[in-house]
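Have the structure open as you read.

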Amino acid sequence: MATTEKSGKTEQAARRAARSVPTASSERFELTWPYFMYTIVICFLLTTIVLWVWSMVAPAPLEPIADPNRTPNPSKAPWYFVGLQELLVYFDPWIAGVALPGLILGGLMAIPYIDKNTHGIGEYNYKDRKFAVWVFSLGTVFWFLLIIIGYFFRGPSWQWYWPWENWEIHKESHVVTHSWSLLGGSLFLIGYTAVGLIIPVLIPYLIGPRVKPASWIKKFCDALQEFYEKRGATIYTIEMLLLLTMLGIPVKMILRLYFNVKYILEIPAINLNI
Amino acid sequence: MANLSLKNVPQAIVESQIWKSIFRHGYTMNRRNRLLAITNNVFYHILPTKISKYGVRMRFHWGAGIITFYLFLILTFTGVLLMFYYVPTVPRAYYDMKDLQHVVPFGNILRNMHRYGAHAMVFMVMVHMARTFYTSSYKPPREFNWVVGVILLNFTFLLSFSGYLLPWDQLAIWAVTVGTNMARATPLIGHEGPFANLIGMKVNNDIRFALLGGTTVGSATLLRFYVLHCIGFPIILTIFIVVHFWRVRRDGFSGDVPVRE
């Protein structure tokens with residue numbers, strides 16, 4: 001760990017030296033007029049051309065006039081919301097349509113205040129911020145994956161249709177789903193959150209002292225401990241809760257798809273189903 | 001009278017009082033004029049006079065923010081033109097779309113550019129966000145500008161979504177029905193949401209009812225979405241764009257600044 005950290009620091013210093021503190025007369029600068037203007041104008045022109053050609057060759061869709069009495073099957077949301085619509089298979093609307101979007105926006109807004117790592121400003125730096133890059137990339141890929149599934153692979157009654165399958169052939173879901181009991185569901189949710197929050201903190205204390213100093217397990221323990229200590233209790237908790245929510249989505253998807261679980265927690269009296 | 005030849009005309013124009021009252025500096029390519037071109041222009045002076053060669057490369061910034069903003073300009077322009085031909089009432093909306101397709105000169109391309117531009121803008125906002133993340137541009141001192149950016153993302157969604165209803169075809173009302181049905185499940189303030197029954201939410205007094213102006217997507221919804229789409233959301237978006245650009249200018253481009261310790 002120590003050696004890699006040192007070489008990482010040297011590399012970082014080298015990178016920094018390559019772009020040392022800019023001064024007004026520095027050769028690292030160029031005038032906005034005309035050089036940056038070229039960039040802006042070229043972006044504008046190319047966008048215009050692409051949009052113009054696109055509009056010329058592909059007419060925008062206009063379906064028959066709106067008819068409240070004729071519901072198309074399937075009715076799909078605009079593409080950027082289809083990912084959320086796809087989540088309706090696995091969650092109630094208050095989660096898929098309200099809670100998760102709210103948490104996504106809130107979580108995105110929270111990123112700068114959660115991520116205390118000061119490395120990499122103004123550069124593509126994976127080395128010094130692997131965790132942040134992985135989490136963000138996974139979230140982005142997952143978001144677009146849901147959109148692609150919802151947009152291209154869902155047919156009538158929101159059943160799975162491959163692009164070459166005929167939508168005229170009606171598919172039905174014969175899956176019998178069930179919900180867990182109140183006790184089981186509560187225990188699962190509390191357990192999931194508690195395990196996710198506490199285990200990464202406990203591992204370094206329980207396993208760390210018992211393994212050889214040079215082993216990869218020890219390195220892993222050190223990394224976990226550093227992860228927690230860098231953040232402190234509050235930020236660690238917020239960050240892990242957001243992360244656990246994000247990871248909870250595929251967990252529920254797996255439970256639904258492979259274990260036919262409808263709701264983990266079901267409280268019909270107040271419409272609270274998870 | 002001796003110098004009254006065609007050759008002297010350009011110079012005479014450039015030195016005239018009228019010209020000088022409009023353009024305060026020459027166009028000769030010297031450093032002074034190039035700086036003045038930025039600082040003396042109300043539209044350009046939001047830009048710095050010089051910019052780091054490192055940060056200005058396309059492969060650093062992908063032009064994502066520039067393109068997003070330009071798409072917003074295109075959408076404003078084509079949107080205003082579309083407003084000349086479109087009336088947001090149930091009997092007329094759809095047939096105005098047909099007129100745009102078949103009767104209005106260049107109406108089809110106008111509409112296509114507006115629609116595709118909107119899709120492209122939603123996509124480019126996401127691309128811009130990803131770029132900003134991967135270059136750590138949200139880190140201090142730019143935290144708040146990232147938050148403003150997320151707000152802009154949100155309002156881009158809202159603008160695009162409210163515009164989706166306006167053609168008043170099957171695609172429009174059912175997509176908006178699907179989208180707004182989610183609102184009835186909002187905790188507390190949607191009548192099917194958790195805890196809503198505790199405070200007496202019904203189908204005709206919850207958040208979705210306020211959004212649609214009724215219990216189903218209808219003429220009130222069309223008017224609401226039209227007003228929000230053409231006036232409400234663009235004004236809010238513009239305000240946040242101003243803040244966004246201002247903060248970029250104040251805090252500098254992340255590509256300008258060396259990595260902080």
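## Two crossing helices

Start in chain A of this predicted model, with helix H3 (residues 79–87) and helix H5 (residues 130–152). Their axes come within 7 Å and cross at roughly 85°. Angles of 65 to 115 degrees count as roughly perpendicular, and H3(A) and H5(A) are therefore roughly perpendicular to each other.

Which residues of the two helices make the contact? On the H3(A) side, look for A:Trp79, A:Val82, A:Gly83, A:Gln85, A:Glu86 and A:Leu87. H5(A) answers with A:Trp143, A:Leu146, A:Ile147, A:Ile149, A:Gly150 and A:Tyr151. Sorted by type, the residues of this contact come out as eight nonpolar, three polar and one charged.

## The rest of chain A

Zoom out and you'll count seven helices and three strands in chain A. Walk along the sequence and the order is α-β-α-α-α-α-α-α-β-β.

Now for overall dimensions. Chain A has 274 residues, and a compact globule of that length would have a radius of gyration near 19 Å. Chain A instead comes in at 25 Å. Its C-alpha trace spans about 70 × 60 × 35 Å along the principal axes. Of the 274 residues, 19% count as buried.

## Where chain A meets chain B

The contact between the chains takes 69 residues from chain A and 82 residues from chain B. Which elements of chain A supply at least two residues each to the side that touches chain B? They are strand E1 (29–31), helix H2 (32–57), H3, helix H4 (93–114) and H5.

By type, the side of chain A that touches chain B divides into 42 nonpolar, 16 polar and 11 charged residues.

## How confident is the predictor?

For the complex, the predictor gives an ipTM of 0.89 and a pTM of 0.90. Chain B averages a pLDDT of 91, and 97% of the residues in chain B score at least 70.

Key
Residues are numbered from 1 along each chain as its sequence is written. Chains are lettered from A and ligands numbered from 1 in the order in which they are written. This is a predicted model: local features need pLDDT of at least 70, side-chain atom pairs count only at pLDDT 80 or more; totals for chains, interfaces and linings use all residues. Axes are lines fitted to C-alpha atoms, for helices over the stretch in contact, and angles run from 0 to 180 degrees between N-to-C directions. Helices (H or I, at least four residues) and strands (E, at least two) are DSSP runs, numbered from the N terminus. Angles under 35 degrees count as roughly parallel, over 145 as roughly antiparallel, 65 to 115 as roughly perpendicular and the rest as oblique. Two residues are in contact if their C-beta atoms, placed from the backbone, lie within 7 Å. Ala, Val, Leu, Ile, Met, Phe, Trp, Tyr, Cys and Pro count as nonpolar, Asp, Glu, Lys and Arg as charged, and the others, Gly among them, as polar. The radius of gyration is taken over C-alpha atoms; the globule rule is 2.2 Å times the number of residues to the power 0.38. A residue is buried if 20 or more other C-beta atoms lie within 10 Å of its own, exposed if 12 or fewer, and partly exposed in between; C-beta atoms are placed from the backbone. pLDDT is the predictor's confidence in each residue, from 0 to 100.
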